[in-house]
Amino acid sequence: MREQTLENGWRTGLRPEFLAALEHAAAVSGSKDDGPDLDQEEILLLLQPTTADEQAELFRAADLVRARQVGDEVHLRGIIEFSNYCRCDCAYCGLRRSNAKLKRYRLDYGEIWQIAGRAAALGYRTLVLQSGEDPWYTGPDLARLIGRIKRELEVAVTLSLGERSREDYECWREAGADRYLLKHETADPELFARLRPGCFLEERLQCLFWLRELSYQIGSGNMVGLPGQSVATLVRDLLLLRELDAEMVGIGPFIPHCDTPLAGNSGGSVTATLRMVAVARLLLPTTHLPATTALGSIDPEGRQKALTCGANVIMPNVTPVAYRPDYQIYPNKLCLGEEPEHCRGCVEGLIRALGRTVAQDRGDSRKRKSEVRSPRSGLEGSRRSF
Ligand code: SAH
Ligand code: SF4
């Protein structure tokens, strides 16, 4: 069988302008580490294929660029959801502070340490510590836990704790934290302020700027299908992600939660999310792109689909089953009843069934440091565009 390459040619029947944008994207991102300089119109076109052939070619191009740039390995990040207390009131999230129906829990440092050890023993080389924005965990106390994990377990540590002070970010970095995941959620500042009362996009970007300054590998990303979001907003999301030059980009569907003000809204579709993942791969060829749990929660094949149109990371849950039902950021979250050992086996099977392999290393960023643009220029650029 002839090897699939972009040069083998595209299907016929694509609109000339769609084909031109795809060729521009794929030719550059297929051969070089830095992404193509697609403009807004080209991104808009690629996000809106009008035929099944156009969509298939978009996905094929993203898959080939993924194979060339980051290979067939899929990186696993074990996620520990250690507290569902949150001081924020995000309109989309089941953990929002106004959700009185939620039974709140907080794991103590000893418990988190135990779970981390169990996950490392299962072979995870990256652990993600995630929670609501919960100031009960102080900067110095968390730093001690991070230091212990880094000293005693052979893992990279990613934090996903929301917006905190620069001092906290600094002491966690000094304790050895490697990465920080802070999605920008939406690049539309008005929509952001509406959905996150009391919060501002600019402040979230300021946090990302600090994290960059402190030389964390940063992860950002957005939700797809938020009420009030248009395809033009998604273009802005992608342009912002390019400016941020994030090492990881998480793009998942918005899933309405019945105990939030957005309960009656429709959520993001599988197709719209996959298109965003595919265009993100073309635009950001060497970035780590997760096949998100949210996508797997609205479509049983969602993560497999994402892995075949650009994604190269999966984040299995390693939180003990007892706590999982209470960490429903969105409803019907995947694997509510599966213990970490089961999830690991299941995800490995899923990856192998696609002909891919499970990465054995920590999965640090593929970006060469010399090519990582200075955060200052990126964020100033974003400020300019708001
Ligand atoms: N509190 C931290 C981390 C936990 S929330 C923070 O907000 O950064 C992790 C992610 O869950 C958020 O970044 C958001 O993108 C996602 N999320 C929240 N509510 C969601 C929903 N209803 N549907 C899909 N994703 C959601
Ligand atoms: Fe809290 Fe994060 Fe949910 Fe917002 S998205 S309510 S910050 S857990």
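Let's start with ligand 1. Around ligand 1 there are 17 residues, and Tyr92, Glu185, Arg204, Ile255 and Ile329 come nearest. A residue is near if one of its heavy atoms lies within 4 Å of the molecule. Keep in mind that this is a predicted model, where local features need pLDDT of at least 70, side-chain atom pairs count only at pLDDT 80 or more, and totals for chains, interfaces and linings use all residues. Residues are numbered from 1 along each chain as its sequence is written, chains are lettered from A and ligands numbered from 1 in the order written, and side-chain values use heavy atoms, with hydrogens and water left out.

What kinds of residue make up the shell around ligand 1? Nine are nonpolar, five polar and three charged. Here Ala, Val, Leu, Ile, Met, Phe, Trp, Tyr, Cys and Pro count as nonpolar, Asp, Glu, Lys and Arg as charged, and the others, Gly among them, as polar.

Now the polar atoms. A polar side-chain atom of Glu185 sits 2.6 Å from an oxygen atom of ligand 1. The side chain of Arg204 has an N or O atom 3.0 Å from an oxygen atom of ligand 1. Tyr92 uses its backbone: an N or O atom there lies 2.8 Å from a nitrogen atom of the ligand. Alone, ligand 1 exposes 540 Å², and the protein buries 92% of that. Those areas come from the Shrake-Rupley method with a 1.4 Å probe.

Where does ligand 1 sit? The space it takes is the largest cavity. "Sits in" means that more than half of its atoms lie within 2 Å of the cavity's grid points. A cavity is a set of points, on a 1 Å grid over the protein atoms alone, where a 1.4 Å probe fits but cannot get out; lining residues have an atom within 4 Å of a point.

The largest cavity holds about 980 Å³ of space. Its lining has 47 residues, with Gln130, Ser160, Lys183, Tyr327 and Ile329 nearest the centre. By class, that lining has 27 nonpolar, ten polar and ten charged residues. Which strand gives the most to it? β7, with four residues. Strands are DSSP runs (E, at least two residues), numbered from the N terminus.

The structure holds four cavities of 30 Å³ or more. Volumes are the space filled by probe spheres set on grid points, joined across faces, edges and corners.

Conventions
1 Å grid on protein atoms, 1.4 Å probe; cavity = no way out; pocket = protein on both sides within 12 Å on 5 of 7 lines; lining within 4 Å. Polar contact = N/O pair within 3.5 Å; in protein donor to acceptor, adjacent residues only side chain to side chain.
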